[in-house]
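The sequence and structure are shown first.

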Amino acid sequence: MILSLRDLVVSFRAPAGDLLPVLGPISFDVADSQFVCVLGPSGCGKSTLIRVLAGLQAASAGSARYQAQLIQAPSADIAIMFQDPNLMPWRTVLQNIALPLELRGMPRQQRHRIARALLPQLRLNGFEHAYPAELSGGMAQRVALGRVIVQQPKVWLLDEPFGALDALTRERLSLELLRLRAGGEQTVIMVTHDINEAVLLGDRLIVLSRGPGTIVDDINNTLPRPRHVEMMYQPEFIRLTRRVRAAIDKPSG
Ligand SMILES: Nc1ncnc2c1ncn2[C@@H]1O[C@H](COP(=O)(O)OP(=O)(O)OP(=O)(O)O)[C@@H](O)[C@H]1O
Ligand SMILES: [Mg+2]
């Protein structure tokens, strides 16, 4: 198991001073190379879960482990991407993609060479000197994805990476995501609100309850790979979307 959560709880202190649980208790294990999609109502703790896995948020109780080690700080093996591409507006596409390597102290020529080699797969050829303001939303997200991939992390944490895009751009980008993960060896935890997207991408679909989020359903998605948009019309695809939908709609308590 590459990731392992045991009775994880995250609480925040309310303005009045009392501790409010926002996530958990939640336990699950993620196998190496699994693509997990996490769904659940707004405010149920999905981003909090991602932040714990990224080492950006401490557990209040229970544990989160990566390769059996407690996650206590960000690690080079685990990269995170948010809904907002968070690009630095004064930096070019190439400089934005190369940023994580720069933070590691890699010399300029070397990091630019590595980042440049990613441009064709990111479909950003010819844009290496463009600035974020000159990019479409989809292109900006591809730059943000490039910034994840350039780190060659073992785990990709994606928090609604395509949430701000229109439906067709998002569908195209989610298939590009699968292509970019071509070998399929990375472990992915992706939060999404889009049930079709989750079923199209995931090996496993975890549905959380209203906050504090606990697991309502944990669904194995055995649709074959490579995945195609045409699969969305197959009975098995529709069965899975219905099951996710039912879990989301299930009254809690
Ligand atoms: N730093 C913080 N301090 C206090 N409360 C917080 C903090 N971060 C998150 N929360 C609260 O925790 C709860 C869960 O937040 P979180 O962002 O994890 O939800 P989410 O499932 O990602 O929601 P959405 O689908 O809207 O993105 C919310 O009620 C939020 O207000
Ligand atoms: Mg969120």
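Helix H1 itself spans residues 46-53; helices (H or I, at least four residues) and strands (E, at least two) are DSSP runs, numbered from the N terminus. H1 is mostly covered, with 6 of its 8 residues buried, where buried means under 20% relative accessible area, exposed over 50%, and partly exposed in between (1.4 Å probe, protein chains only). The buried residues are Lys-46, Thr-48, Leu-49, Ile-50, Val-52 and Leu-53.

## Basis of the model

The model is predicted: local features need pLDDT of at least 70 and side-chain atom pairs count only at pLDDT 80 or more, while totals for chains, interfaces and linings use all residues. Residues are numbered from 1 along each chain as its sequence is written, chains are lettered from A and ligands numbered from 1 in the order in which they are written, and side-chain values use heavy atoms, with hydrogens and water left out.

## Backbone features

Most residues other than glycine have a negative phi, and most peptide bonds are trans. Asp-7, which is not a glycine, has a positive phi of about 50°. Asp-7 is placed in strand S1 (residues 3-13) and is partly exposed, at a relative accessible area of 49%. Ser-33, also not a glycine, has a positive phi of about 75°. The position of Ser-33 is in the loop between strand S2 (19-30) and strand S3 (35-39), and its relative accessible area of 26% makes Ser-33 partly exposed.

Val-229 is buried, with a relative accessible area of 19%. Not counting residues up to four places away in sequence, Val-229 touches Glu-171, Leu-175 and Leu-200 (contact means heavy atoms within 4.5 Å).

At the interface, 11 residues of domain 1 are in contact with 12 residues of domain 2. The two domains bury about 1000 Å² between them, 63% of it on carbon and sulfur atoms; buried area is the accessible area (1.4 Å probe) that two parts lose on being put together, summed over both.

Between the domains there are 2 salt bridges, a salt bridge being a side-chain nitrogen of Lys or Arg within 4 Å of a carboxyl oxygen of Asp or Glu. On the side of domain 1 that touches domain 2, helix H5 (residues 167-180) gives the largest share, 6 residues. The residues of that side divide into 8 nonpolar, 1 polar and 2 charged. Here Ala, Val, Leu, Ile, Met, Phe, Trp, Tyr, Cys and Pro count as nonpolar, Asp, Glu, Lys and Arg as charged, and the others, Gly among them, as polar.

## Salt bridges

The structure holds 13 salt bridges. Arg-116 pairs with Glu-128, the closest N and O atoms being 3.0 Å apart. Arg-116 lies in helix H3 (residues 108-118) and Glu-128 in the loop between H3 and H4, so this pair ties together parts that are 12 residues apart in sequence. Arg-116 is partly exposed at 38% relative accessibility, whereas Glu-128 is buried at 17%.

Glu-197 forms a salt bridge with Arg-170, with the closest N and O atoms 2.8 Å apart. Because Glu-197 lies in helix H6 (residues 195-201) and Arg-170 in helix H5, the pair ties together parts that are 27 residues apart in sequence. Glu-197 is buried at 5% relative accessibility, and Arg-170 is buried with a relative accessible area of 11%. A network of salt bridges links Arg-91, Glu-102 and Arg-111.
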